[in-house]
Amino acid sequence: MLPCKKKIRRPSSEAPCWGVLIPGLPNDIATNCLARVPRWHHPVLSAVSKPIRSLLSSPHFFNTRSLSNLSENLIYLTIPLENPFENPIKLFAHHPKSNLLRLAPMPPCPRSMPTLHYSAYAALGPKIYAISVGDPISGSKQVWIFDCRFRTWERGPDMLFPQFLVRAVVFDGKIYAFGQTGMTQNPGADFLQVFDPVIGYWEIIPGPPDIEMTCFTRCVVVGDTICCFWRHGGLVFYPRTRTWETLPSELIQYKNHLLFGMCEIDGVLYRFDGNGRMFGCDERNREWKEIPGVMDHLVGFNYSTATELVNRGGRVFLMWKGDNKGKTTFRCAEIEVEKTEGGELLGKVHWADELVSFPFGLCLGQLIPISF
């Protein structure tokens, strides 16, 4: 007898079968049609039928959107809530035609997850990394990952040392986590830990030996550098050469780094003050200039207001916090900045409105832009 040959199963390139998606259409065509529906409408779309609901939460669906260049620029917001099991990550939803704002519901956190109240967040692709999850006093090396496509949590690779007072940014596809560990007498020795998702491992990059950790407030990517701000100073880190230098004094000529966020778009660094005035600083001339056309359109600003800014598709997405009548109110706006022929910056507020109100005392968390 001839030996029996085993059939070799080859991976199928065909889409999984969920049943009929749209009656009268082949499933591949129906998938391409459904992939063009904005995510704003997905909760309603998922209620149409079980096959569509299964499609919307499948890797094949998100791969189809990516290959068809249908990814959307989304904003996620973290809010430190009192309930430790409630997911602090909220999806900000903005309907472009009606300007309707809301926070989309999120599934609860796993019971095995420590508190996320003091974590730093960074996004790689469709995933949000929660860094230094747990103890805010002695620090933590735990990392948890939230997949925005399927709204699921999983444990990520632990950091090499526990960190606290962590600030994280993404540069060239890697996460740079700046923070204090308390593991050595030289605080600069383990000030920076870097995560490479390709190899799935963290490494330590030593900082300056005389680093001062008092009132370390935030980090922001500016061009090919990462700027770290303290209350009265800061550092500039060059990721490609792994070198450090002192932050130019022109970039720190204002107070309250802790309250007022910053973001960089096309070589210009943006920030706000407590009165709602918007400023821009070109990284070439390093001079802060007020941007007209913005302040009169922002309601609810006061001196104690905290702000967060991110780049949303080339526009400044602003969120600010106000406390009024026993409630904490979060408002947001989207601002486009144009540069005139003379080099002046002009701002245009496309929309601004109240997003949500909470019981008094909640802090404004972090804005996380994601595209998928």
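A residue is called buried when its relative accessible area is under 20% and exposed when it is over 50%, with partly exposed in between (1.4 Å probe, protein chains only). The model is predicted, so local features need pLDDT of at least 70 and side-chain atom pairs count only at pLDDT 80 or more, while totals for chains, interfaces and linings use all residues. Residues are numbered from 1 along each chain as its sequence is written, and side-chain values use heavy atoms, leaving out hydrogens and water.

Start with helix H4, residues 59-67. Helices (H or I, at least four residues) and strands (E, at least two) are DSSP runs numbered from the N terminus. In H4, the buried residues are Phe 61, Phe 62, Thr 64 and Arg 65. They lie on the same side of H4, because they cover an arc of only 155° around the axis, taken from the directions from the helix axis to the C-beta atoms. An α-helix has 3.6 residues a turn, so residues three or four places apart point the same way. The buried residues of H4 pack against helices H1 (27-34), H2 (42-46) and H3 (50-56); contact means heavy atoms within 4.5 Å. Pro 59 and Leu 67, on the other side of H4, are exposed. Just after H4, Asn 69 has a positive phi of about 55°.

Next comes strand S1 (residues 73-78), which contains Thr 78. Thr 78 counts as buried because its relative accessibility is 5%. Beyond its neighbours within four places in sequence, Thr 78 is in contact with Pro 88, Ile 89, Tyr 121, Gly 365, Gln 366 and Ile 368. A polar atom of the Thr 78 side chain lies 2.7 Å from the backbone nitrogen of Gln 366.

Methods:
A polar contact is a pair of N or O atoms within 3.5 Å; within protein, one must be able to donate a hydrogen and the other to accept it, and residues adjacent in sequence count only if both atoms are side-chain atoms.
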